[in-house]
Amino acid sequence: MHGGGSRFAVLGAGANGAAIGADLTRAGLDVVLIEQWPEHVETMRAHGVRVEMPGETVITPVHAFHFCEVAAMRDTFDIVLVAVKAYDTRWVCELIKPLLGPRSLVVGIQNGMTIDVVASVVGPERTLGAVIEIAGNMFVPGVVERQTPPSGTWFAVGAYDSATVGRESEVAAILRHAGEVEISDDIRSSKWMKLVGNAAEVLPSAILGLPLAEAIRIPGMRRVMEDAGREAIQAALALGQRIMPMFGDTRVEQNDPDQYAVALFDAILARWTLPTTKVAVLQDWMKGRRGEVDDINGVVVSELAKIGRAAPCNAKLVDLARRIEKGELTPQPSNAALLLADA
């Protein structure tokens, strides 16, 4: 863990973090994976990370550490990629803060609007924002079912404010080992556009307990998903965000925000949705963990509420998700009747 080169950390080595960390390791970078699932850390130490992709399986020896071992580390990291759940962002940033130098960068490669949380802990001068589009599952320690290989993975990175303008290329250079990377001149708007797509796909399919490709075929569910996305883009616009081209597009073709929300959702369905793709919230529920309910659809509800506007579709999704997390409901296809009631 010493040497004259740059040092990198992936903070949170679940399906996405482990796959990306393995890519960076194979590229010859000095990178450590720091994770809170004990069995997963021990499996990575013993056998490496096994990444199963369509047509290829790659096993990569990695340097894996438990979260509790961070306090014993002494060398600083140049770039930290935060890949934990959105609701864990603040405490993991506090955990890694003593290992940051004045020029270190911290980047949340996560869903949700975590950029301000990162900046509030490590400082705007060390914060970059990112958008990630990747499909993967993890149910067995040390094994990632990565449904989109690096050739199908996409990132956008951007400066949090003027303090980090010009440093985006430093992060883009390492992420290009894991996928396609674009630099956004308005990363907050880019992250909101990703949230629009997430709002449409995440809770509707998780509540049904189905892969996204199956959930959308249930009568009426396409409309629910589109309504959730439309409310999300209205929230983004109400906050002053811009409609941004995404996923390699060079311009926005839709002048109507509602139609753009649908087009963005369709792009996700076309490029990243395989028959077995389960959204992250459903994976969390299957593991007995809580999902990023408040960090995606819940943000739409809360932000519109601040200006006296309702988000009835997202509010219903959030309510049903909370009932599932309380044990009052089970994720299952019959929940479609609850989603469609009074719609």
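These legends describe close-up views of a predicted model.

**View 1. A nonpolar patch on the surface, formed by F139, V140 and M286.** Together the three residues have about 260 Å² of accessible area. M286 sits in helix α10, which covers residues 280-286. M286 has a relative accessible area of 47%.

**View 2. The largest pocket and the residues closest to its centre.** The volume of this pocket is about 900 Å³. Its lining is made up of 42 residues. Closest to the centre are A15, N16, K85, A280 and Q283.

**View 3. The lining of the largest pocket, by element and by class.** Several helices supply at least two lining residues each: α1 (15-26), α6 (187-208), α9 (257-272) and α10. Strands β8 (127-133) and β9 (136-140) also supply at least two each. The lining has 17 nonpolar residues. Another 14 are polar, and 11 are charged.

**View 4. I216, in the loop between α7 and α8.** Helix α7 spans 212-215, and helix α8 spans 221-238. The relative accessible area of I216 is 19%. Buried means under 20%, so I216 is classed as buried.

**View 5. I216 and C313, a pair set apart in sequence.** The two residues are 97 residues apart along the sequence. In space, they are 16 Å apart, C-alpha to C-alpha.

Note on methods:
Residues are numbered from 1 along each chain as its sequence is written. This is a predicted model: local features need pLDDT of at least 70, side-chain atom pairs count only at pLDDT 80 or more; totals for chains, interfaces and linings use all residues. Side-chain values use heavy atoms; hydrogens and water are left out. Patches are made of residues with over 30% relative accessible area and no salt bridge: like charges are joined within 9 Å, nonpolar side chains (Val, Leu, Ile, Met, Phe, Trp, Tyr) within 5 Å. Accessible areas come from the Shrake-Rupley method with a 1.4 Å probe; for residues, only the protein chains shown count as cover. A salt bridge is a side-chain nitrogen of Lys or Arg within 4 Å of a carboxyl oxygen of Asp or Glu. Helices (H or I, at least four residues) and strands (E, at least two) are DSSP runs, numbered from the N terminus. Buried means under 20% relative accessible area, exposed over 50%, partly exposed in between (1.4 Å probe, protein chains only). On a 1 Å grid over the protein atoms alone, a cavity is a set of points where a 1.4 Å probe fits but cannot get out, and a pocket is an open set with protein on both sides within 12 Å along at least five of seven lines; lining residues have an atom within 4 Å of a point. Grid points are joined across faces, edges and corners, and a volume is the space filled by probe spheres set on the points. Ala, Val, Leu, Ile, Met, Phe, Trp, Tyr, Cys and Pro count as nonpolar, Asp, Glu, Lys and Arg as charged, and the others, Gly among them, as polar.
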